[in-house]
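Thanks for coming, everyone. Please have a look at the structure before I start.

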Amino acid sequence: PPFNDARVRRAVALSLDRPAMVKALLDGYGTIGNDNPFAPLFRSTNTSVPQRTQNLAEAKKLMAQAGHGRGVSAPMYSEINQEMPLLAQAIKGYAAKIGVDFNLKIESQDQYFGKSTFGHSDWLDGTASLVDYGDRGVPNVYLGPPLVTGGAWNAAHFSNKTYDNLYKQYIAAVDLSAQRKIAGQIETLLLQETPIIYPYFLDG
(Lines give C-alpha, C1' and ligand atoms only; values in the text may rest on other atoms or scores of the structure.)
Protein backbone atom coordinates (compact mmCIF):
# COMPACT_ATOMS: atom_id res chain seq x y z
CA PRO A 1 0.00 0.00 0.00
CA PRO A 2 -0.80 2.52 -1.30
CA PHE A 3 0.55 1.35 -4.66
CA ASN A 4 -1.34 -1.92 -4.64
CA ASP A 5 -4.22 0.20 -5.98
CA ALA A 6 -3.89 0.82 -9.74
CA ARG A 7 -5.67 4.16 -9.36
CA VAL A 8 -2.85 5.47 -7.19
CA ARG A 9 -0.25 4.21 -9.65
CA ARG A 10 -2.04 5.85 -12.56
CA ALA A 11 -2.38 9.06 -10.55
CA VAL A 12 1.38 9.29 -10.01
CA ALA A 13 1.96 8.59 -13.70
CA LEU A 14 -0.51 11.33 -14.66
CA SER A 15 1.27 13.84 -12.41
CA LEU A 16 4.46 13.77 -14.50
CA ASP A 17 5.41 16.37 -17.10
CA ARG A 18 7.45 14.06 -19.29
CA PRO A 19 8.64 16.56 -21.93
CA ALA A 20 9.90 18.82 -19.13
CA MET A 21 11.71 15.88 -17.52
CA VAL A 22 13.47 14.99 -20.78
CA LYS A 23 14.53 18.62 -21.21
CA ALA A 24 15.70 19.13 -17.64
CA LEU A 25 17.23 15.75 -16.82
CA LEU A 26 18.55 14.67 -20.22
CA ASP A 27 19.20 18.05 -21.84
CA GLY A 28 16.68 16.99 -24.47
CA TYR A 29 18.53 13.80 -25.41
CA GLY A 30 15.64 11.45 -24.79
CA THR A 31 12.17 10.42 -25.84
CA ILE A 32 9.12 10.43 -23.58
CA GLY A 33 7.86 7.06 -22.43
CA ASN A 34 4.32 5.74 -22.26
CA ASP A 35 4.62 3.49 -19.20
CA ASN A 36 5.59 0.40 -21.13
CA PRO A 37 8.95 -1.03 -22.28
CA PHE A 38 8.28 -0.43 -25.98
CA ALA A 39 10.73 2.36 -26.78
CA PRO A 40 10.39 4.13 -30.15
CA LEU A 41 13.54 2.43 -31.42
CA PHE A 42 11.91 -1.02 -31.32
CA ARG A 43 10.31 -1.93 -34.64
CA SER A 44 7.53 -3.84 -32.88
CA THR A 45 6.37 -0.80 -30.88
CA ASN A 46 2.71 -0.03 -31.56
CA THR A 47 2.58 3.74 -31.99
CA SER A 48 -1.21 3.84 -32.33
CA VAL A 49 -1.69 3.62 -28.55
CA PRO A 50 -2.34 7.16 -27.21
CA GLN A 51 0.48 8.82 -25.29
CA ARG A 52 -0.14 9.46 -21.60
CA THR A 53 0.23 13.14 -20.73
CA GLN A 54 0.19 15.17 -17.53
CA ASN A 55 -3.34 15.58 -16.15
CA LEU A 56 -3.35 16.79 -12.56
CA ALA A 57 -7.13 17.06 -12.34
CA GLU A 58 -7.61 13.44 -13.36
CA ALA A 59 -4.79 12.37 -11.03
CA LYS A 60 -6.42 14.09 -8.05
CA LYS A 61 -9.73 12.49 -8.98
CA LEU A 62 -8.14 9.04 -8.99
CA MET A 63 -6.51 9.71 -5.61
CA ALA A 64 -9.89 10.66 -4.14
CA GLN A 65 -11.53 7.57 -5.63
CA ALA A 66 -8.82 5.44 -4.04
CA GLY A 67 -9.57 6.98 -0.64
CA HIS A 68 -6.50 9.22 -0.52
CA GLY A 69 -8.08 12.59 -1.16
CA ARG A 70 -6.17 14.05 1.79
CA GLY A 71 -2.89 12.71 0.51
CA VAL A 72 -0.56 9.85 1.32
CA SER A 73 3.10 9.37 2.26
CA ALA A 74 5.42 6.60 1.13
CA PRO A 75 9.16 5.88 0.90
CA MET A 76 10.81 5.74 -2.51
CA TYR A 77 14.23 4.15 -2.97
CA SER A 78 16.75 4.90 -5.68
CA GLU A 79 20.42 4.54 -6.50
CA ILE A 80 23.28 7.00 -6.83
CA ASN A 81 23.84 6.58 -10.57
CA GLN A 82 23.70 9.06 -13.43
CA GLU A 83 20.51 11.17 -13.30
CA MET A 84 18.61 8.83 -10.97
CA PRO A 85 18.78 11.06 -7.84
CA LEU A 86 17.54 13.99 -9.93
CA LEU A 87 14.77 11.83 -11.39
CA ALA A 88 13.70 10.92 -7.87
CA GLN A 89 13.55 14.61 -6.95
CA ALA A 90 11.53 15.40 -10.07
CA ILE A 91 8.99 12.65 -9.38
CA LYS A 92 8.72 13.78 -5.76
CA GLY A 93 7.96 17.33 -6.91
CA TYR A 94 5.32 16.33 -9.44
CA ALA A 95 3.67 13.77 -7.15
CA ALA A 96 3.41 16.35 -4.37
CA LYS A 97 0.99 18.28 -6.59
CA ILE A 98 -1.54 15.45 -6.23
CA GLY A 99 -0.95 14.75 -2.55
CA VAL A 100 1.65 11.98 -2.79
CA ASP A 101 4.58 12.72 -0.47
CA PHE A 102 7.58 10.58 -1.35
CA ASN A 103 10.22 10.20 1.35
CA LEU A 104 13.34 9.71 -0.76
CA LYS A 105 15.93 7.08 0.13
CA ILE A 106 18.87 7.67 -2.22
CA GLU A 107 21.41 4.91 -1.63
CA SER A 108 24.72 3.61 -2.91
CA GLN A 109 24.27 0.90 -5.50
CA ASP A 110 25.56 -1.75 -3.10
CA GLN A 111 22.94 -0.78 -0.52
CA TYR A 112 20.16 -0.27 -3.08
CA PHE A 113 20.54 -3.55 -4.95
CA GLY A 114 21.65 -5.60 -1.93
CA LYS A 115 21.67 -9.24 -2.96
CA SER A 116 19.24 -8.47 -5.83
CA THR A 117 16.85 -11.07 -4.46
CA PHE A 118 13.47 -10.61 -2.84
CA GLY A 119 13.78 -10.09 0.90
CA HIS A 120 17.34 -8.79 0.52
CA SER A 121 17.07 -5.75 -1.75
CA ASP A 122 15.64 -2.24 -1.35
CA TRP A 123 15.22 -2.24 -5.14
CA LEU A 124 12.91 -5.26 -5.05
CA ASP A 125 11.37 -4.80 -1.61
CA GLY A 126 10.79 -1.04 -1.41
CA THR A 127 7.27 0.39 -1.40
CA ALA A 128 8.38 2.32 -4.49
CA SER A 129 11.75 2.22 -6.22
CA LEU A 130 13.53 3.73 -9.21
CA VAL A 131 15.93 1.69 -11.31
CA ASP A 132 17.65 2.20 -14.66
CA TYR A 133 17.80 -0.44 -17.38
CA GLY A 134 20.59 -0.76 -19.93
CA ASP A 135 19.93 -0.83 -23.67
CA ARG A 136 18.77 -3.98 -25.43
CA GLY A 137 18.22 -4.68 -29.11
CA VAL A 138 14.71 -6.01 -28.52
CA PRO A 139 12.22 -5.40 -25.69
CA ASN A 140 11.95 -9.05 -24.64
CA VAL A 141 14.07 -8.77 -21.47
CA TYR A 142 12.12 -5.71 -20.28
CA LEU A 143 8.82 -7.49 -20.93
CA GLY A 144 9.84 -10.59 -19.00
CA PRO A 145 11.67 -10.43 -15.63
CA PRO A 146 10.30 -7.02 -14.52
CA LEU A 147 6.66 -7.76 -15.35
CA VAL A 148 5.76 -11.44 -15.56
CA THR A 149 4.36 -13.16 -12.50
CA GLY A 150 7.27 -14.23 -10.32
CA GLY A 151 9.83 -12.44 -12.49
CA ALA A 152 13.29 -12.05 -10.95
CA TRP A 153 13.21 -8.23 -11.43
CA ASN A 154 9.51 -7.80 -10.61
CA ALA A 155 9.96 -5.06 -8.00
CA ALA A 156 6.33 -4.03 -8.59
CA HIS A 157 5.14 -7.52 -7.53
CA PHE A 158 2.90 -7.34 -10.60
CA SER A 159 0.86 -10.46 -11.28
CA ASN A 160 -1.60 -10.45 -14.16
CA LYS A 161 -2.58 -13.59 -16.06
CA THR A 162 -3.64 -11.63 -19.13
CA TYR A 163 -0.26 -9.94 -19.26
CA ASP A 164 1.59 -13.24 -18.79
CA ASN A 165 -0.32 -14.74 -21.72
CA LEU A 166 0.28 -11.70 -23.94
CA TYR A 167 3.99 -11.84 -23.13
CA LYS A 168 4.14 -15.48 -24.21
CA GLN A 169 2.26 -14.65 -27.42
CA TYR A 170 4.60 -11.76 -28.18
CA ILE A 171 7.73 -13.86 -27.69
CA ALA A 172 6.26 -16.61 -29.88
CA ALA A 173 5.19 -14.26 -32.70
CA VAL A 174 7.25 -14.77 -35.86
CA ASP A 175 6.36 -11.71 -37.91
CA LEU A 176 6.45 -7.98 -37.23
CA SER A 177 2.75 -7.31 -37.82
CA ALA A 178 1.77 -9.94 -35.25
CA GLN A 179 4.26 -8.51 -32.77
CA ARG A 180 2.86 -4.99 -33.22
CA LYS A 181 -0.69 -6.19 -32.71
CA ILE A 182 0.20 -7.93 -29.46
CA ALA A 183 2.40 -4.99 -28.44
CA GLY A 184 -0.65 -2.73 -28.71
CA GLN A 185 -2.56 -4.99 -26.34
CA ILE A 186 0.35 -5.04 -23.90
CA GLU A 187 0.76 -1.26 -24.06
CA THR A 188 -2.95 -0.72 -23.42
CA LEU A 189 -3.00 -3.15 -20.48
CA LEU A 190 0.07 -1.55 -18.90
CA LEU A 191 -1.46 1.93 -19.18
CA GLN A 192 -4.46 0.65 -17.26
CA GLU A 193 -2.48 -1.21 -14.61
CA THR A 194 0.68 0.97 -14.51
CA PRO A 195 2.83 -1.45 -12.52
CA ILE A 196 5.91 0.47 -13.71
CA ILE A 197 6.24 4.08 -14.83
CA TYR A 198 8.54 4.59 -17.82
CA PRO A 199 8.87 8.37 -17.99
CA TYR A 200 11.44 8.45 -20.80
CA PHE A 201 14.04 6.61 -22.83
CA LEU A 202 17.59 7.90 -23.30
CA ASP A 203 18.72 8.55 -26.88
CA GLY A 204 21.55 6.57 -28.41
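**Aromatic pairs, one arginine and a helix**

F38 is buried, because its relative accessible area is 4%, under the 20% cut-off. Keep in mind that this is a predicted model.

So what does F38 pair with? Its partner is Y170, and the two rings sit edge-to-face. Their centres are 5.5 Å apart, with 75 degrees between the planes. Now look at where they come from. F38 is in the loop between β1 (30-32) and α3 (56-65). Y170 is in helix α8, residues 161-172. That makes them 132 residues apart, so the pair links distant parts of the chain. Y170 counts as buried too, at 2% relative accessibility.

How many aromatic pairs are there? The count comes to 8. Another one is F3 with F102. This pair is stacked, with 15 degrees between the planes and 5.8 Å from centre to centre. F3 lies in the segment before α1, and F102 lies in strand β3, residues 100-107. The pair therefore ties together parts that are 99 residues apart in sequence. F3 counts as buried at 15% relative accessibility. F102 is buried as well, with a relative accessible area of 3%. There is also an aromatic cluster, made of F42, Y133, Y142 and W153.

Next, an arginine. R10 is found in helix α1, residues 6-15. R10 is buried, yet it has no salt bridge. Which side chain of opposite charge is nearest? That is E193, 6.3 Å away. What R10 does have is a backbone oxygen: that of Q192 lies 2.8 Å from a polar atom of the R10 side chain. Beyond its neighbours within four places in sequence, R10 is in contact with R52, L62, L191, Q192 and T194.

That brings us to helix α9, residues 176-193. At 1.5 Å a residue, its 18 residues should span 26 Å. The end C-alpha atoms are 25 Å apart, which agrees. Several residues of α9 are buried, among them I182, I186, L189 and L190. An α-helix has 3.6 residues a turn, so residues three or four places apart point the same way. What covers the buried residues of α9? The cover includes α1, α7 (140-143) and α8. Just after α9, T194 takes a positive phi of about 45 degrees.

That's my tour. Thank you.

Methods
Residues numbered from 1 in each chain as written. Predicted model: local features only at pLDDT ≥ 70, side-chain atom pairs only at ≥ 80, totals over all residues. Heavy atoms only, no water. Helix = DSSP H or I, 4+ residues; strand = E, 2+ residues; numbered from the N terminus. Buried < 20%, exposed > 50% of the residue type's maximum accessible area, 1.4 Å probe, protein only. Lys, Arg positive; Asp, Glu negative; His and termini not counted. Salt bridge = Lys/Arg side-chain N within 4 Å of Asp/Glu carboxyl O. Polar contact = N/O pair within 3.5 Å; in protein donor to acceptor, adjacent residues only side chain to side chain. Contact = heavy atoms within 4.5 Å. Phe/Tyr/Trp six-rings, centres within 6.5 Å; stacked < 30°, edge-to-face > 60°. Expected span 1.5 Å × (residues − 1).
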